[in-house]
Amino acid sequence: MSSPFETLSKMLGLEKERGYDNKAVMGGLSRLPDTWAPKAITQVSTKEERLLIEEVAGLLRQYSSLEEPSERAALIEEVLGKISNRTSQAPAPPRHVTRRAGAPVRAVRTAQDGADANRTAQTTRPKPGTPERRPPTPRLTTQKSDIAGLDSPITRLPGIKKGYARRLANLDVETIGDMLTLYPRRYDDYRSLKTINQLEYGEEVTIIGAVWDTHARETRRGGTIVTCTLSDGTATIQAIWFNQPWLADKLKPGAQIVISGKVDEYLGRLVFQSPEWEPLDKHLIHTGRLVPVYPLTRGITQKWLRSLMKRTVDYWTQRLPDHLPQASRERLGMLPLDEAVRQIHFPDSWESLEAARRRLAFDEFLLIQLGVLRQRRQWRSQPGRPVAVDERLLHDFISSLPFTLTNAQQKVLDEIINDLRQPVPMSRLLQGDVGSGKTVVALAAMLVTAADGGQSALMAPTEILAEQHYRSITHLIGKSPLASGDPRFAVHLLTGSTPAAERDTIYQEIASGQARLVVGTHALIQGAVEFNDLRLAVIDEQHRFGVQQRAALRDKGASASSDGRGHPHVLVMSATPIPRTLALTLYGDLDLSVIDEMPPGRQKIITRWLSPLERERAYSFVRSQIEQGYQAFIICPLVEESEKVEAKSAVEEHARLQKEIFPDLKLGLLHGRMKGEEKEAVMKQFRNGELHILVSTAVVEVGIDVPNATVMLVEGANRFGLAQLHQFRGRVGRGGHQSYCLLLADAATPDAEARLRVISETDDGFKLAEEDLKLRGPGEFFGTRQSGLPDIKLAKLSDIRLLEIARNEAKNLFDSDPDLSQPEHRLLAQKLNEFWQVETDLS
């Protein structure tokens, strides 16, 4: 063993014997990179040994910041392991090294070195109000093994064993890269540095003082209160912590510490209660700066996670490749990626925090845009199945309708018909509010496809909705003189409830091409279903289907065209209004059609926001409507009662209403934990008028059409978003009778009150969606993560300007290098594949 490694091993052995108290060498082990490492480099002869010394030095710099003996022990064992295995284990890639001619070889200092230098030099008290600044970090050349390191498990970090790894997994942190993207949820501003005699009640400040006295006492309930008296020469103040008895041993008299927190009052004296604190001789993480506050889980404290994050950010951002080409970065005025990640976690100022958020949010927008552009190109590069449109049939069908198409419906129909004529497969999103008439437009496209000999399939998420489409389509075709009675336009219904014998017959007719108009559920994508010539696939309520389910129907058409005739046209429909900004961002691979006009004569649903004190009044109104022969929905936020959430649950509420409020009426219960056939049976009972009231969770948001229902009563309305409340409201008013939506709110927050006020004042679904996006952001807007869509952590869809910049940059990149194959785009291509690693299909 080479002499410098023997020396280091002896020092580390002594540190183990001392119980990891960081006193085996003068100034602590974190000084070794500045004392032992430079001398060691001059004593070794091989490149591998020099690289190992640099790697070991990088690990030792973290030692003083580790607070738990177990973490320090793990780091020492890792260093000793690297030393003992140095001949067989390849060291980490080199950092950039420079030296003057004739000067001794010495590793260039990194950002972590700068932080350590600050730490040892920080022996004088900072001037009040002076923020701590970090020296600029030298940029390091990225090596391939560094990139792979970000995919390493979180247990690679010193001190992280399986127990902590399991807890971090609850925060979706499983790799080092995940750790870097666990962004703070807010920041505490502790930059205001004051002397004790300047403190005022209620302000959030930072002080620096010497510990005079610390003592702990037990409470009558078995807890512990630690009281520490501090002085800074101007006055004294007490800091109090609850149930942290170990602090009595850490806060020794004479120690210089930094305290940050809110100035409170106890028995007429100013005090700090449970403030953040840390020794003055450390680089400040928890105090005296903009302090990040992270999401937590059981078994992880804010201080522990923040310390781990600081070590991780300092070390790994130096190994973080920047996927955004330098030319783009400079032209757009974006921070380098490593600096953005450092500033999002530990910002120097609010301005630097915003610059970091801007860069990282831009990346999310850019990667989404590049992904959808790539998907659009892949789809449009495939051959389509053009449809020869029978204009006479189309005109006859439209003329036979019992209503006149709105201008918006006619415009959208023209767009779809034009797409069908093209040799490129259509990929179009049709948006329209509840009752705007999307189905009749889709039916017109299906009819002209059938007239040309092709097959069309309409897939709905539930049997009830599929049956509604079947009845509606059959009824409308029956009114068309040219289509009525023509076997080409016979409609076939295929669901999980279709009898076996009938199902086999439908399978045969689909395979032979005899069945040209097929309506169904997921049953349409079962293996036994083989289309002869599927030219048009219509997917209703597309967000209710998973990625594989949507792609499966489209693939049925591809397999049907095995003779090389091309891929099917795809039309996806949504009754959930999506703001144009969001639609262009998330569905940039689809052409967008919007029916933004309601049929004339449709009655406006009267919407009222009620307080809990008006609940009995609401029940009386529901009863009065039922006495007139109508039906009602009652929506509850939860399935079952929860100790943690004070909200109405469907199961308990159904039992209470049936027993105490409406004992003479028939009430049904519907929730997501019921089996599919149970849900279908209850909805069928309600639709057939066998139930007076349906008590349900949000599962009735879409897919049930009961023209006789005139009242929608929503419990806990403050717990739903605007788009969801609008969908609930759309379940009534479908039969021409005056209908009502009653919103009962429990303790509403200001944001919830704003939502309830907006929905009470407008029934325009697209305006509501825009407002919902402003109030809640894209993540909550969808309720759950959108199927097949990558995570959006920092981007705000309300940031139109940044979205436009990202869209233009994506278009420019895609136009010049669609495969991102140029050398300067290699890292961007890799990042794009990682970002879209889930199998995705936004249609």
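**Burial and charge pairs in a predicted model**

In this predicted model, His345 touches Met179, Leu180, Leu182, Tyr183, Pro184, Tyr187, Pro292, Tyr294, Met309 and Val313, not counting residues up to four places away in sequence.

Me: Why is His345 called buried?

Reply: The relative accessible area of His345 is 0%. Buried means under 20%, so His345 is placed in that class. This residue lies in helix H12, which covers residues 337-345.

Me: Why are the side chains of Arg377 and Asp819 said to meet in a salt bridge?

Reply: The N to O value for Arg377 and Asp819 is 2.8 Å. The cut-off is 4 Å between a side-chain nitrogen of Lys or Arg and a carboxyl oxygen of Asp or Glu, so the pair qualifies. Arg377 lies in helix H13 (residues 350-380), while Asp819 is in the loop between helix H27 (800-816) and helix H28 (826-835); the pair therefore ties together parts that are 442 residues apart in sequence.

Me: What makes Arg615 and Glu715 a link between distant parts of the chain?

Reply: Their side chains meet in a salt bridge at 2.8 Å, N to O. Arg615 belongs to helix H21 (residues 615-627), and Glu715 to the loop between strand S20 (709-714) and helix H24 (722-729), 100 residues apart.

Me: Why does Arg615 count as buried at 17%?

Reply: The limit for buried is under 20%, so a relative accessibility of 17% places Arg615 in that class. Glu715, with a relative accessible area of 0%, is buried as well.

Me: Which residues are linked with Asp322 in a network of salt bridges?

Reply: Asp322 is linked with Arg329, Arg359 and Asp363 in such a network. A search of the whole structure finds 32 salt bridges.

Conventions: Residues numbered from 1 in each chain as written. Predicted model: local features only at pLDDT ≥ 70, side-chain atom pairs only at ≥ 80, totals over all residues. Heavy atoms only, no water. Helix = DSSP H or I, 4+ residues; strand = E, 2+ residues; numbered from the N terminus. Buried < 20%, exposed > 50% of the residue type's maximum accessible area, 1.4 Å probe, protein only. Contact = heavy atoms within 4.5 Å.
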